[in-house]
Amino acid sequence: MSEGSSSPDFPQHDEIVNERLVRWYFYMALTFMLISMLGGLLMAAQLIHWNPLNGIEYLSAGRWRMVHTNAIAYGFLANSFLGVLHWVVPRLTLRPVLSNRLSYFIFFAWQFVVLSTAAGIIIGPSFQDQAWVAELSKSLNIAFSLGAQGLEWGETPFWIDPVAQLGLLLLAINFGSPIFQQKGPMYVTLWYFLAAFVWTFLTYGMGNFLPEYAVPGTSAGAIGGLFIHDLVGLFVTPLGWGMMYYFVPIILKRPIWSHGLSLVGFWGLAFFYPLQGIHHFLYTPIPMFLQYGAVISTIAVELVVMTVIINFIGTVWGATDIFKKNIPIRWFYAGMILYFVTCAQCALQVTMTFQKLIHFTDWVVGHAHLVMFGVFSMWIFGVMTYLFPRLLKREWYSNTLCEIHFWASFVGVIIMFLDLMFAGLFQGFYWASLQPWDVSVEVSQPFWVVRIFAGLTMFGGFLCFLYNLFMTMQSAESTETAPDLENKTAINYQVMDH
Amino acid sequence: MFESKAGIFGIAGLGFFAFAFISNALVPIWMYKELPEQTVEEVVNARVLSSFGDLKQRYPEQFDKYFDAVDVDNCAEALRLGRQVYIGEGCWHCHSQFVRPVSNESRRFGPVSETWEYQNALQRPVMFGTRRVGPDLSREGGRRGSDWHAVHFFEPKIVSTDSPMPSYPWFFEGSPDKPNKRGLAMIIYIQWLGSWLDEYPYYEQLEADQEEL
Amino acid sequence: MGTPSTKNKSTTAATLSTWMTVGLALLILVPSMYGFVGKFLEFIHVFKGESDGAFAIAPMLNYTLATLGFMALMIWAIFNGMFHDIEQPKETMLENEERFDNRT
């Protein structure tokens with residue numbers, strides 16, 4: 001239609017985007033989300049003395065708690081991001097990824113990594129008492145763990161670490177190639193992606209090798225803190241925001257409010273985020289001055305976060321009617337509101353004053369769910385809601401189910417967050433009051449009961465999404481083309497404005 | 001520079017990461033270079049050896065099946081295995097291993113944790129922990145008898161009525177008086193935690209109790 | 001951003017955005033200043049009191065110097081002609097999207 005489309009060097013969508021891989025990544029991501037949610041429910045049931053599977057070795061709540069977190073980070077988030085990258089990077093750079101074969105290899109390598117992580121965590125500990133493991137551990141002075149390794153989010157068993165590291169390197173090369181070939185100034189999404197490839201590779205290596213093999217004790221704690229934090233801050237966050245900077249403008253059909261401001265956000269994140277890791281271990285024997293440094297940089301990054309939030313509010317300003325009709329956009333902005341809440345909460349909870357009370361309590365668990373589900377998973381659900389009709393060339397089977405998915409997830413995660421936040425306060429005060437430990441467990445029971453229902457609400461929403469997706473795949477292929485589909489759901493606000 | 005790919009790759013990607021790594025990871029490593037890492041054999045102390053011998057007395061058949069003798073090497077092997085089971089079963093996601101200087105924790109658990117306590121191979125990676133559903137364990141050793149721990153692992157609710165802790169029957173061969181290798185190792189690992197402290201009242205207390213009996 | 005059609009509408013919008021700004025600023029600044037000022041006072045106590053308190057100044061200096069260095073680089077970059085066309089990519093990106101979707 002536009003004159004530009006006739007220019008010979010402008011590529012076709014199908015030439016550069018491998019839609020099959022996007023679909024595959026999304027299906028795998030949804031599978032792992034299902035597994036992760038089941039693991040979470042198991043742990044929640046255990047805490048309220050209602051775990052019918054208690055005492056079964058391979059369904060132990062302790063092991064499944066680690067599957068729960070790892071399946072979200074490496075199964076759901078990483079797979080969805082990879083799917084999104086396969087859609088976004090070619091369309092932004094107008095170039096395909098380096099090699100289609102390499103893409104398939106990375107897909108299978110990554111599924112191998114995630115599945116063997118899960119299998120290792122579940123089965124590994126049962127074989128830990130083999131004589132050869134003891135021999136090996138003794139002779140090399142390395143604690144070889146067939147199951148999980150002792151670092152949060154880095155539980156990936158040791159024999160998988162090199163494969164994952166290689167996968168991340170290939171991934172950086174595969175997606176880095178079209179980005180590096182692009183001429184002229186880059187859009188902010190690509191800035192985030194490019195940096196994320198470097199950071200993820202470095203972070204994974206730092207966390208999965210140094211504290212296990214080289215560094216013991218307090219210094220390992222410092223590195224562990226960096227790893228936990230960088231995994232969220234330098235892998236999930238830049239990919240997540242890069243995704244938002246792409247999908248929000250194209251759905252709203254208006255450019256981001258200020259590209260310059262978004263670059264301020266990028267550089268601020270790049271500088272301050274890596275410095276904060278130690279705030280996960282305040283009041284440990286890690287040197288106090290390092291703990292203060294982490295606190296300061298954490299408070300600094302909240303100011304950076306504000307610039308990003310303001311930018312997105314500026315983008316949608318005057319077109320907020322779209323929230324009523326357009327479900328993806330609603331997912332995105334709901335996630336952003338929760339992102340703001342998370343960061344505001346973070347600026348408070350990172351201070352020593354709050355840490356006295358809330359460290360080790362359910363407050364932190366609530367915070368983690370708000371970040372991982374309330375922000376990043378919600379964004380990904382938004383992207384999936386937007387992309388599946390294009391990938392499958394079908395309209396959603398039911399718009400109502402999409403609505404239910406949104407509201408169940410949104411309300412569920414808010415209830416869970418508030419519930420665990422208050423539970424954390426109660427636990428903190430009970431511990432400080434020196435009452436017997438059991439009292440703090442008893443007082444948590446009602447909160448934990450509410451938590452499992454909040455979790456079930458989110459789970460129910462997710463099941464609606466899966467059913468909806470299944471029925472959509474069963475339905476007949478729509479004859480309408482992608483842009484027509486879009487025009488039915490989203491109103492062109494660019495036109496309405498002027 | 002700030003607009004170029006090389007700038008993003010070099011300054012943001014590599015530079016800032018390296019800056020953070022140097023200031024937040026290499027600094028503590030450098031600060032504690034005077035505290036070299038102890039091997040597992042080096043952290044086997046008289047108290048934990050006596051607990052190890054106690055296990056042999058309580059469960060002679062089981063003990064002889066898995067360990068040759070009550071000596072440093074066997075105890076070290078048990079500690080290594082115990083720690084790996086502690087990690088593999090996810091114990092460290094509900095129990096911490098550091099006593100903070102705040103929130104009355106030194107009155108509840110014992111002396112505040114210090115750096116030298118963690119400079120050994122059994123704290124690589126360090127088991128600070130992330131959440132306390134159950135209490136801190138860094139001062140747990142000697143607080144309770146090994147038979148208490150055996151029953152508690154087998155079915156926590158028997159000795160701690162309202163405990164939400166999962167039961168671990170796979171540490172045993174059918175009943176709580178028959179711990180297998182993993183069970184014995186777990187018990188000795190828990191009894192090791194805190195046993196390195198000289199000023200630690202619970203051991204004296206336990207010995208006094210035993211003398212009374 | 002649409003051009004306001006009437007004067008009346010623009011004043012309402014201006015008042016609204018002023019209040020929004022004030023509200024958001026309070027929401028952010030009050031808790032963050034509470035945290036920051038408190039931490040800063042605590043930090044001064046540490047610096048004055050404890051024997052190894054001087055060590056506490058290390059991260060502050062560390063981050064301040066790095067931030068200043070970064071600022072200097074940025075200012076240098078601005079004066080050397082960077083950031084002259086910083087808003088272009090956001091338009092290009094939308095145009096490309098349209099070209100992709102309008103070709104079938």
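**Domains, interface and local geometry of chains A and B**

The domain assignment divides chain B into domain 1, covering residues 1-31, and domain 2, covering residues 39-212. The structure is a predicted model. Taken over C-alpha atoms, the centres of domain 1 and domain 2 of chain B lie 40 Å from each other. Along the principal axes, the C-alpha atoms of chain B occupy a box of roughly 75 × 40 × 35 Å. The secondary structure of this chain consists of ten helices and zero strands, and the order of elements from the N terminus is accordingly α-α-α-α-α-α-α-α-α-α. Of the 213 residues in chain B, 52% are buried. Among the contacts in chain B between residues at least 6 apart in sequence, 74% link residues that are at least 24 apart.

B:G82 is placed in helix α5 of chain B, which covers residues 72-88. With 25 other C-beta atoms within 10 Å, B:G82 passes the cut-off of 20 or more and therefore counts as buried. Apart from neighbours within four places in sequence, the contacts of B:G82 are B:A185, B:M186, B:I188 and B:Y189. B:G82 and B:Y189 are 107 residues apart along the chain, yet their C-alpha atoms are separated by 5.2 Å. Elsewhere in chain B, the peptide bond from B:R124 to B:P125 is cis, with omega near -5 degrees. B:P125 belongs to the loop that runs between α6 (105-108) and α7 (146-154) of chain B.

The two chains meet in a contact to which chain A supplies 78 residues and chain B supplies 67 residues. On the side of chain A that touches chain B, 47 residues are nonpolar, 21 are polar and ten are charged.

The nonpolar interior was examined next. In soluble globular proteins, nonpolar side chains tend to be buried together. The largest nonpolar core holds 227 residues, and those that touch the most other members are A:F193, A:A195, A:F247, A:W379, B:L79 and B:I188. Helix α8 of chain A, residues 217-252, gives the most to this core, with 21 residues. Domain 1 (1-31) and domain 2 (39-212) of chain B each provide at least three residues to this core. Residues up to four places away in sequence being left out, A:F247 touches A:F332, A:V383 and A:Y386. B:I188, named among the core residues with the most contacts to other members, is also one of the residues in contact with B:G82.

For chain A, the mean pLDDT is 90, and 94% of the residues reach 70 or more. Two stretches of chain A have pLDDT under 50. In residues 1-6, the model has eleven contacts beyond four places in sequence. In residues 487-498, the corresponding count is 19 contacts.

Helix α9 (residues 259-272) has 14 residues, so at 1.5 Å a residue it should span 20 Å; its end C-alpha atoms are 20 Å apart, which agrees. The buried residues of α9(A) are A:H259, A:S262, A:G265, A:F266, A:L269, A:A270, A:F271 and A:F272. Helix α12 (residues 327-349) of chain A has 23 residues and so should span 33 Å; its end C-alpha atoms are 32 Å apart, which agrees. This helix, α12(A), is mostly covered, with 18 of its 23 residues buried.

Several loop residues of chain A were also described. A:L146 lies in the loop between α5 (131-140) and α6 (161-181) of chain A. A:L146 has 20 other C-beta atoms within 10 Å and is therefore buried, since 20 or more is the requirement. Beyond four places in sequence, A:L146 is in contact with A:G120, A:G124, A:P125, A:F127, A:Q128, A:V133 and A:P157. By contrast, the C-alpha atoms of A:L146 and A:I310, which are 164 residues apart along the chain, are separated by 47 Å.

Positive phi values occur at two non-glycine residues described here. Phi of A:H49 is near 60 degrees, and phi of A:K393 is near 55 degrees. A:H49 sits in the loop between α2 (19-47) and α3 (61-93) of chain A, whereas A:K393 is in the loop between α14 (362-392) and α15 (399-432). A:H49 is partly exposed, because 13 other C-beta atoms lie within 10 Å. A:K393, with 14 other C-beta atoms within 10 Å, is likewise partly exposed.

Terms used:
Residues numbered from 1 in each chain as written. Chains lettered and ligands numbered in written order. Predicted model: local features only at pLDDT ≥ 70, side-chain atom pairs only at ≥ 80, totals over all residues. Contact = placed C-beta atoms within 7 Å. Nonpolar A, V, L, I, M, F, W, Y, C, P; charged D, E, K, R; others polar. Helix = DSSP H or I, 4+ residues; strand = E, 2+ residues; numbered from the N terminus. Buried ≥ 20, exposed ≤ 12 C-beta atoms within 10 Å, placed from the backbone. pLDDT = per-residue confidence, 0-100. Domains from an automatic or database assignment. Core = buried A, V, L, I, M, F, W, Y, C linked by C-beta atoms within 7 Å. Expected span 1.5 Å × (residues − 1).
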